[in-house]
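Please take a moment with the sequence and the 3D view before reading on. We will walk through the fold together, one element after another.

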Amino acid sequence: MTTALTTPQAGPRTSDRTTGTPLGGIAVPWAAVAAWGAGLIELAIGAGAVPQGGAARGAGVVLLALGAAGLVWGAVTLARGRIVVPRTGVAAALAGIAAATVAVASDPVRTSVLAVAAAAALLVTIALACASVLRRRARKATDAAPPRVWAILVAAVLVAGLVTPALGATEAGRNATGHGGHELVDPGHH
């Protein structure tokens, strides 16, 4: 007596992510780290613009909100391993560029062109990454591979190299106490 076991035909293994894309595993960490860098710069520019009057103050408030949102968006994007809310990401990136441009046009003396340019470069990177996700969705393609640790480290080093001088050029960076400017206080002395 023989028994036949029937098993479903196993086709080629598929996953919900493709690794054959040229930037597979790189776009997500770049977008997340760029969002952190842009968010920090937006917060610094916004903090310098809020005390001013008129359009600079309005741009500063918008930049503070976008900067905080960018930090959260970058964390959620990296934690999930995919770019979240890409349409909102494109809109927020474009709004950040517009608000930073208004801030520098309203108060060019106190707003750093270097900081605005660095933020704009990072925001364009975010918008392009989000647009690529929207394009893949329109073609009904799957998401890229999950983030690679080396890509996160490289992105962090490069973004830090861009963000650090940009932050130093902002009003907040210029008013910060230097490394040698802190005085030690003797706790036993009144």
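Which residue follows α2, and is its phi positive or negative? The residue after α2 is Gly-81, and its phi is positive, near 75°. Keep in mind as you look around that this is a predicted model.

Let's step back to the whole chain. Of its 190 residues, 36% count as buried. Contacts reach across the sequence: among those between residues at least 6 apart, 83% join residues at least 24 apart.

Now to the inside. In soluble globular proteins, nonpolar side chains tend to be buried together. Here, the largest nonpolar core has 33 residues. Those with the most contacts inside this core are Ile-41, Ile-45, Leu-63, Trp-73, Ile-83, Leu-122 and Ile-126. At least two residues of the core come from each of α1 (27–49), α2 (54–80), α3 (86–106), α4 (113–138) and α5 (149–169). The helix that gives the most is α4, with 11 residues.

α2 has 27 residues and reaches 39 Å from its first C-alpha to its last, close to the 39 Å expected at 1.5 Å a residue.

Thr-77 lies in helix α2 and counts as buried because its relative accessible area is 0%, where the cut-off is under 20%. Beyond residues up to four places away in sequence, Thr-77 touches Val-28, Ala-32, Arg-82, Ile-83 and Val-84.

Ala-32 takes us across to helix α1. With a relative accessible area of 0%, Ala-32 is buried as well. Not counting residues up to four places away in sequence, Ala-32 touches Gly-74, Thr-77 and Leu-78. Ala-129 is 97 residues away from Ala-32 along the chain, yet their C-alpha atoms are separated by 9.8 Å.

What about α1 as a whole? The helix has 23 residues and reaches 32 Å from its first C-alpha to its last, close to the 33 Å expected at 1.5 Å a residue. Because 18 of those 23 residues are buried, α1 is largely enclosed by the rest of the structure.

Let's move on to the end of α5. Ala-169 is found in this helix and is buried, with a relative accessible area of 18%. Leaving aside neighbours within four places in sequence, Ala-169 is in contact with Ser-112, Leu-114 and Arg-174. Ala-169 and Val-113 are 56 residues apart in sequence, but 8.5 Å apart in space, C-alpha to C-alpha.

Thr-170 lies in the loop between α5 and α6 (171–175). Is Thr-170 buried or exposed? Thr-170 counts as buried because its relative accessibility is 2%. A polar atom of the Thr-170 side chain lies 2.7 Å from the backbone oxygen of Leu-167. Beyond its neighbours within four places in sequence, Thr-170 is in contact with Ala-44, Ile-45, Ser-112 and Ala-115. Ile-45 was among the core residues with the most contacts.

Finally, a word on charges. How many salt bridges does a search of the whole structure find? The search finds one: the side chains of Asp-107 and Arg-110 meet at 3.6 Å, N to O. In this pair, Asp-107 is buried, with a relative accessible area of 11%, whereas Arg-110 counts as partly exposed at 38% relative accessibility.

Note on methods
Residues are numbered from 1 along each chain as its sequence is written. This is a predicted model: local features need pLDDT of at least 70, side-chain atom pairs count only at pLDDT 80 or more; totals for chains, interfaces and linings use all residues. Side-chain values use heavy atoms; hydrogens and water are left out. Buried means under 20% relative accessible area, exposed over 50%, partly exposed in between (1.4 Å probe, protein chains only). Contact means heavy atoms within 4.5 Å. A nonpolar core is a set of buried Ala, Val, Leu, Ile, Met, Phe, Trp, Tyr and Cys residues joined through side-chain atoms within 4.5 Å. Helices (H or I, at least four residues) and strands (E, at least two) are DSSP runs, numbered from the N terminus. A polar contact is a pair of N or O atoms within 3.5 Å; within protein, one must be able to donate a hydrogen and the other to accept it, and residues adjacent in sequence count only if both atoms are side-chain atoms. The expected span of a helix is 1.5 Å times one less than its number of residues. A salt bridge is a side-chain nitrogen of Lys or Arg within 4 Å of a carboxyl oxygen of Asp or Glu.
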